[in-house]
Amino acid sequence: MRALLGALLRALPYLLLFGLLFAGALYVGLNFVTPRYSAAAKILIESGESEITRAGAGTEEVRALLDSEGIASQVELIGSRDLANTVVDSLGLASLREFNKPRLLPTFDQMLVNIGLGRPAPQPTPEDRVLQRFADKLDVFSIDKTRVITVGFSSTDPQLAAKVANAVAEEYLALEREARRSTNADATRWLESQIADLRTKVTDAEAKVEAFRTERGLFSGGQNNTSLAQQKLNDLNAELARLVAARSSAEAKAETVRKSLASGATPDVPDVRDSQLIQRLREQQVALRAQIAQLSATLLPAHPRLKELNAQLADLDTQVRREVTRILQSLEGEAATARAREVDIGQDIARAKAATGQTNDAEVQLRALEREATAQRDLLETYLRRYREASSRQEGNYLPADARIISRASVPLEPTFPKKLPLTIASTVALLLLAIAVILIRELTSGRALRRVVLTPPLVPDPVPPLRSEPLETAPTEAALPLAAASQARGLTAEAQDSLNAIVDRIVDAKARRVLIAMAELDQTAGRPLAAVSLARALSRRGNRVLLVELQGDGADSRAMAVEEQRPGFTDLFAGTASFDQVIFRDRRSRAHMIPRGLLEFDAGAAEGERLVSILDALDQTYDQILLDADWELALQLAPKAGAVIVVADGADSEPRTVRTHEAMKARASTEVMLLIAEAAPKGGSEDAAAAAELA
């Protein structure tokens, strides 16, 4: 992760510079692009009928018009070819170069046909080309969860964009009205033919009904509009019920009178009570009994007057019984008459029932004929009503469309394309993201991020002894920074650590990618300090990707970084007998990598060839710093190609040699030359130095 972040931070200045240049160029380039303007009109889909003129049968049609499928159908209708052709002709768009501009370059299909790889296709006519470009500029869509359709049109002319959008909306409404007018006319003609045919059918059906009714005598009347047979049967049933009631009443009265006569009492029945003769006889009986009671007070029962009055009273009783007997005979006669009448009416009812059954069968057929006639009549009336409605709409020219324009397109003030600032920002951000992705992918595929692993053993500082800084009188303008050689010391003093950090800061601040480390003339018996190893480890601790290329012939750097002897190295890579993967090794005490010298001989004159430049350029793509630890002769050849030159010298009576080395490097190098003075290594040469480096 740190390697990826480091790669992004190193590339950040270049990315920002490239982004600014690209944004400026794109913004300037967009000023030369022909702007396009868009205008939009909005149409609301709704029923055009008012509450007064809307027919009840049109409810389902209105519901089908306003559902989602109906709205989608209207969108397709607005974008249809016929409507577009009408608008193009009415506005004369075929004469505008924007719509009738010929294609300068052939299409891909035409290119295939020209080289014989495709089947020739018919060339589009100018009309087809105009309609195709019109369709490309027209944008029709419905707004979600509404019944509003937006008709948009884009053009290089803002007035033309608004004009075409309004023309499409108006033509759609005109097309709707014309479709309704055509449908209404067709319906009117069809209704005329159907009405003429239905009139004949209704007349025939009604004639059949009347003929059948006359033939079967199915005449009706009364309150319930029943047939004559049924009405007669009802009357007979009512008469029979009345007779039965009268007979039962007469029989009950006669029985009561008979029992009263048998008991010698006067019957208490309405016929007896209402008889005037009996009432007068009862009055006379009352008067005689009063006289008898009055005379009995003064006369004896055997008196002739009392006998006479009693005889008259007995005669009155006889007359009352005779009148009651006559009433009884009358009641019995009424019962007999009612009984005989019941028999006659029962026979009449039987005959009426038979006649009613036949009549009911005929009425079933009659009702079927009437239903047919009624259905034909209702259909005729419906057609007549619709025909009158359609005729009145046709004559009154009242054919409203099922839509209306709720927002007309206005002339746009600003172009919709190109939006220079948003497009520039979006394109620049996209390009920067793409560049960052390329950098990350390159970093991952190179393996550098994967090789940067954290070592489990703790890192111990390099064994750098106390350093000292010596003035250089012959080169007062150069920086003389101290660096310690590997020795038997186990730790670092504060002065040595500060010197090492100053060296690393100097290299990092200078952004030097190729650092040449050259040795001044040294005492060959004393060995050389391992300045390159110490610098490589110190730079790697800063998070940099560091590669040490050992060009010294003694192999001290390789042994100090725990690389086995007799391994292929830089000379083998230069000769082409080994690859980068075979010659690059990792320091076991740090994250730094190194390339040993190799198994072959290396001529110092080869450093001026293109082969070495190619190898170093390839390594620059992977590492932040490349440390070239070279001997004196090879260092003179590599100095012009280095980004920083460090001359390492020991501090023991070597000032004259150091001055000569510094001046020689300064004459060859094109950058700043730093002088680094280190303590002399102990005897034992590079082996003792390597052992000291292993302890670090």
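**Entry 1: strand pairing**

I began with a term: two strands pair if DSSP finds at least two bridges between them. I also noted that the model I examined is predicted. I then looked up β9 and strand β11 (residues 593-595), which run parallel and are joined by three bridges. For Leu547, I found the bridge partner in β11 to be His593.

I next followed β9 to β12 and counted six bridges between these two strands, which run parallel. Here Val549 stands opposite Leu628 in β12.

I turned to β8 and asked which strand five bridges join to it. That strand is β12 (residues 625-630), and the two run parallel. I recorded that Ala518 has Ala630 as its bridge partner in β12.

**Entry 2: cover on the strands**

I checked how far β9 is enclosed. Six of the six residues of β9 are buried, so the strand is largely enclosed by the rest of the structure. I recalled that in a regular strand the side chains alternate between the two faces of the sheet. I therefore listed each side of β9 separately, with buried meaning under 20% relative accessible area. On one side I found Val546, Leu548 and Glu550, and on the other Leu547, Val549 and Leu551; all are buried, and both faces are covered.

I made the list for β8 (residues 514-519) as well, and found this strand mostly covered, with six of its six residues buried. One side holds Arg514, Leu516 and Ala518, while the other holds Val515, Ile517 and Met519; both faces are covered.

**Entry 3: nonpolar cores**

I asked which residues of the largest nonpolar core touch the most other members. Among its 35 residues, these are Leu516, Val549, Phe570, Leu634, Leu638 and Met665. The elements that give two or more residues to this core include β8, β9, β12 and α21 (632-638). I noted that α20 provides the largest share, four residues. A second, separate core has 33 residues, including Ala41, Leu83, Val88 and Ala409.

I returned to Val549 and listed its contacts, leaving out residues up to four places away in sequence. Val549 touches Phe570, Ile595, Ile626, Leu627, Leu628 and Asp629.

**Entry 4: a patch on the surface**

I then looked at the surface and found a nonpolar patch formed by Tyr27, Leu421, Ile425, Val429 and Leu433. Together these residues have about 480 Å² of accessible area.

I selected Leu421, which is in helix α13, and asked why it counts as exposed. Its relative accessibility is 54%, and exposed means over 50%.

**Entry 5: backbone details in loops**

I looked up Pro418 in the loop between β6 (403-407) and α13. The peptide bond from Phe417 to Pro418 is cis, with omega near -5 degrees.

I also recorded two residues other than glycine with positive phi. Lys145 has a phi of about 60 degrees, and lies in the loop between β2 (138-142) and β3 (148-155). Lys145 counts as exposed because its relative accessibility is 81%.

For Lys511, phi is near 55 degrees. I located Lys511 in the loop between α15 (494-509) and β8. Lys511 has 67% relative accessibility and therefore counts as exposed.

Definitions and conventions
Residues are numbered from 1 along each chain as its sequence is written. This is a predicted model: local features need pLDDT of at least 70, side-chain atom pairs count only at pLDDT 80 or more; totals for chains, interfaces and linings use all residues. Side-chain values use heavy atoms; hydrogens and water are left out. Patches are made of residues with over 30% relative accessible area and no salt bridge: like charges are joined within 9 Å, nonpolar side chains (Val, Leu, Ile, Met, Phe, Trp, Tyr) within 5 Å. Accessible areas come from the Shrake-Rupley method with a 1.4 Å probe; for residues, only the protein chains shown count as cover. A salt bridge is a side-chain nitrogen of Lys or Arg within 4 Å of a carboxyl oxygen of Asp or Glu. Buried means under 20% relative accessible area, exposed over 50%, partly exposed in between (1.4 Å probe, protein chains only). A nonpolar core is a set of buried Ala, Val, Leu, Ile, Met, Phe, Trp, Tyr and Cys residues joined through side-chain atoms within 4.5 Å. Contact means heavy atoms within 4.5 Å.
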